[in-house]
Amino acid sequence: MESVNSSKPRYECLLFDLDDTLYPFSSGLSEACTNNIIEFMVEKLRIDEDGVVELNDILYKKHGTTMAGLKAIGYEFDNDEYHSYVHGRLPYENLKPDPILRNLLLSLPFRKLVFSNGDDTHVTKALKRLDIEDCFERIISFETLNPKIHDSCVSDSLICCKPAEIAFEKAFDIAQLNPYTTLFFDDSIRNIQTGKSAGLHTVLVGKSEKVYGSDYALESIHNMKEAFPELWSESNNKNKKPESIGYATQISIETSVQA
Ligand SMILES: [Mg+2]
């Protein structure tokens, strides 16, 4: 049961997905990523072009990521090669420094973590482009959830990734976070739904309407302050020093950089 005791903040941790959550879908990275995945399937795995789009869709929906799906149905390939093929050519130049998001994050006196199915290289590169890489305590990435056991990938047919419940459990364990005092932001409905059943408070990002499993909906991550003024409230920030932020707000802000 949630505590509403005023002496105990409701939230202790903020957990963020990366892609299409910390930057918008309109950046074009997701679309480019899908195209690269399909190209990998055709060029590297010799999957017939006819039906490859449909297969990608099926695997993504059934297994969380296409990569996990390809492994599950028996394809063998090197994880790093896949990631560099799929992410290496993304239009990262479309991601620009986001001072609004940076200020929001830095003014939030909570533990902040990124929880992405992406590999370390991709996550780090995107966060750097957005100029928010130093706003987080840690990144939970593909490598975090799937530590290398072998150099080759022959036996890693089971990839751990969102939205599998085990991925959430691993993330909680690795980061030592309590889901019941964590606010989770993700653009994926199924990730939100698993997150909710795992105990997280959930925020669907990129949509204006809530869905089953989401406690809140947020059209843009930039709307955090309007949606959750209590995160900046005095009761949550009583031990924090003031930090000025570069835009108007009706909320009294008494925070410091904790990243
Ligand atoms: Mg996402």
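**A predicted model, question by question**

Trainee: With 19 C-beta neighbours inside 10 Å, does Leu 101 count as buried, exposed or partly exposed?

Mentor: A residue is buried if 20 or more other C-beta atoms lie within 10 Å of its own, exposed if 12 or fewer, and partly exposed in between, with C-beta atoms placed from the backbone. Leu 101 has 19 such neighbours, so it counts as partly exposed.

Trainee: Thanks! What pLDDT do local features need here?

Mentor: Residues are numbered from 1 along each chain as its sequence is written. This is a predicted model in which side-chain atom pairs count only at pLDDT 80 or more, totals for chains, interfaces and linings use all residues, and local features need pLDDT of at least 70.

Trainee: What is the mean pLDDT of the protein chain?

Mentor: pLDDT is the predictor's confidence in each residue, from 0 to 100. In this chain 83% of the residues reach 70 or more, and the mean is 87.

Trainee: Where does pLDDT stay under 50, with 38 contacts beyond four places in sequence?

Mentor: A contact requires C-beta atoms, placed from the backbone, within 7 Å. Residues 151-155 are below 50 too, but they have 7 contacts beyond near neighbours in sequence. The stretch you want, with 38 contacts, is residues 241-259.

Trainee: Back to Leu 101: which helix holds it?

Mentor: Helices (H or I, at least four residues) and strands (E, at least two) are DSSP runs, numbered from the N terminus. Setting aside residues up to four places away in sequence, Leu 101 touches Leu 22, Leu 130, Ile 132, Ile 221 and His 222. Its C-alpha atom is 9.2 Å from that of Asp 131, 30 residues apart along the chain. The helix that holds Leu 101 is α5 (residues 99-106).

Trainee: What is the strand order in the open sheet?

Mentor: Two strands pair if DSSP finds at least two bridges between them. β1 (13-16) has 4 bridges to β2 (111-115), and another 4 link β1 to β4 (182-186). β4 in turn pairs with β5 (201-205) over 4 bridges. With parallel pairing throughout its 6 strands, the order is β3-β2-β1-β4-β5-β6.

Trainee: Which strands stand at the edges?

Mentor: The sheet runs in the order β3-β2-β1-β4-β5-β6. Each edge strand has a single partner, so one side of each is left without a neighbour in the sheet; these strands are β3 (138-140) and β6 (216-218).

Trainee: Which residues have the most contacts inside the largest nonpolar core?

Mentor: A nonpolar core is a set of buried Ala, Val, Leu, Ile, Met, Phe, Trp, Tyr and Cys residues joined through C-beta atoms within 7 Å. Phe 16 is buried in β1; its bridge partner in β2 is Val 114, and in β4 it stands opposite Phe 185. The largest core has 44 residues, and those with the most contacts inside it are Phe 16 and Val 114.

Trainee: One last check: how far apart are the end C-alpha atoms of helix α2?

Mentor: The expected span of a helix is 1.5 Å times one less than its number of residues. Helix α2 (residues 52-63) has 12 residues and should therefore span 16 Å, in agreement with its end C-alpha separation of 16 Å.

Note on methods. Contact = placed C-beta atoms within 7 Å.
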